[in-house]
Amino acid sequence: MGLDLFSSKKPKPRDTDVSLVDVRREHKPKMVFSSSINCPLLHIFIVVSFVSTINSLETPNQESINQTLRSEQELQNLKKTIATRLRQINKPGVKTIQVPNGDIIDCVLIHKQLAFDHPLLKGQTPMDLPKSPREHNQFDNMSDFQLWSLSGESCPDGTVPIRRVTEQDILRAHSINSFGTKAGNRFLHEHAVALVEKDEFFGAQATFNVWSPYLESQNEFSLSQMWLVSGTFGKDLNSIEVGWHVYPRLYGDNRPRFFIYWTADAYQSTGCHNLLCPGFVHTNKNFPIGAELPKHSTYTGQQFSITFKISKDKNTGNWLLEDGAGNLIGYWPAPLFTRLKYHADEVHFGGEIVNAKSRGSHTSTAMGSGHFPEEGFGKAAFIRNMQVIDSDNNLISLANPTYLASNPNCYSIQGKSSPNWGNHIYYGGPGKSEKCP
């Protein structure tokens, strides 16, 4: 959980000021340490509280006064940095919608969105959107998976719905610079995936079974997605990713949410989740990226799934993102990439978790449903109708897929094929158990 903090000397309110809570006024250092121990960004706040407490117990001298002044100056600088970052990310909306779960959606003019702050996209306007055939429908009504629209709210034509970033969102990050990226997460990542490689792929499509997996630590996440990959891992990897995840450090909750991600340099400095940096161009006024998926599967109960497709537009070179009904959600412009400029070399489908070992042993964070693949439908998570797109823009079955689990005693995978579900997998597991100490 993030903290709100401010200096004991309240500045005169301004539109650009960040509203922060004064921990020094509370004089409860233990609470400060407990809340911020995993967030290096907040260590400066601990110093402020500590110095204030010491100065109240002894006669102040010039050194302690200087230290207090330095700490307060650092705090003010941090406040300004956060405020600047919020102004960069949150573009003004023509309408604001309050979602029942606490999210705020701003309806931003499509040509004013953050994407066009990217140096390679400055001055551009959104591409002319192609007409998508309504084929391969898995659900026709996106509102079934849109909590924000259940109240009847919608964004006007010419705008796109964008989840507003808050001060608390940034304070939960490992650092301001790493906010919205994977760069700040140095914990162990574990996977259970099906993949095809050593070919030219121009897109992919799959249907993802949605769950709400348990997470042991706020530093961890659990996801289900597909990756389009080209380049070398750890060096010049280009990746486009789409699926659902539970990620409390990013959103401040443990709800499953639809997400996207991209990188052009192996997660080092380019790319981000959702719309938290310039890049992905959002085009659909009915589909907020990063939105909660209020319907998810239950063990032996009703199963819910969502379908997504990524494809290469032959005219522009852009990578298009569509839902299962053929509705275009947006696109990744071709100039963002080096190795994905023409095609992908690999396509992966599966699950991933972060293992922070917060209790000194393997995490009990669940992947998928938290149950192993052999339990089957209604109990284990699945991804079905996994397909790739060839150079003629045809959706085809996976040719000789490889199934990999980085830690099969904790999370495993089974590959199958059938007439109705095509190539599909069951995957996941509970994490820490007798098999996974």
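# A guided tour, ring by ring

Select F382 to begin: at 2% relative accessibility it counts as buried, where buried means under 20% relative accessible area, exposed over 50% and partly exposed in between, with a 1.4 Å probe and protein chains only. You are looking at a predicted model, in which local features need pLDDT of at least 70, side-chain atom pairs count only at pLDDT 80 or more, and totals for chains, interfaces and linings use all residues. Residues are numbered from 1 along each chain as its sequence is written, and side-chain values use heavy atoms, with hydrogens and water left out.

**First stop: the partner of F382**

Rings of Phe, Tyr and Trp (its six-membered ring) pair if their centres lie within 6.5 Å; planes under 30 degrees apart count as stacked, over 60 as edge-to-face and the rest as tilted. F382 belongs to strand β15 (residues 381-389) and Y426 to strand β19 (residues 422-428), so the pair links distant parts of the chain, 44 residues apart. Select F377 and W421 as well, and you have a cluster linked by ring pairs, together with F382 and Y426.

**Second stop: F287 and F308**

A search of the whole structure finds 12 aromatic pairs. One of them is F287 with F308: centres 6.2 Å apart and planes at 80°, so edge-to-face. F287 lies in the loop between β10 (281-282) and β11 (305-312), while F308 is in strand β11, so the pair ties together parts 21 residues apart in sequence. F287 is buried, with a relative accessible area of 3%, and F308 is buried too, at 1%.

Which strands pair with β5? Select residues 203-209 to see this strand. β5 pairs with β11 in the antiparallel sense over seven bridges, and with β15 in the antiparallel sense over four bridges; two strands pair if DSSP finds at least two bridges between them. Look for Q205 opposite K309 in β11, then for T207, whose bridge partner in β15 is R384.

In a regular strand the side chains alternate between the two faces of the sheet. Here G203, Q205, T207 and N209 point one way from β5, A204, A206 and F208 point the other way, and all are buried.

Select K182 and Y261: K182 lies over the face of Y261, at 4.7 Å from the ring centre. Then try K314 and F202, where the charged end of K314 sits over the ring, 5.2 Å from its centre. A charge sits over a ring if NZ of Lys or CZ of Arg is within 6 Å of the ring centre and within 35 degrees of the ring normal.

**Last stop: the cores and the whole**

Select F258, L321 and W332, which touch the most other members among the 83 residues of the largest nonpolar core. A second, separate core of eight residues includes F116, M127, L320 and Y331. A nonpolar core is a set of buried Ala, Val, Leu, Ile, Met, Phe, Trp, Tyr and Cys residues joined through side-chain atoms within 4.5 Å.

Finally, zoom out. The protein has six helices and 19 strands, taken as DSSP runs numbered from the N terminus (helices H or I, at least four residues; strands E, at least two). Of its 437 residues, 57% are buried.
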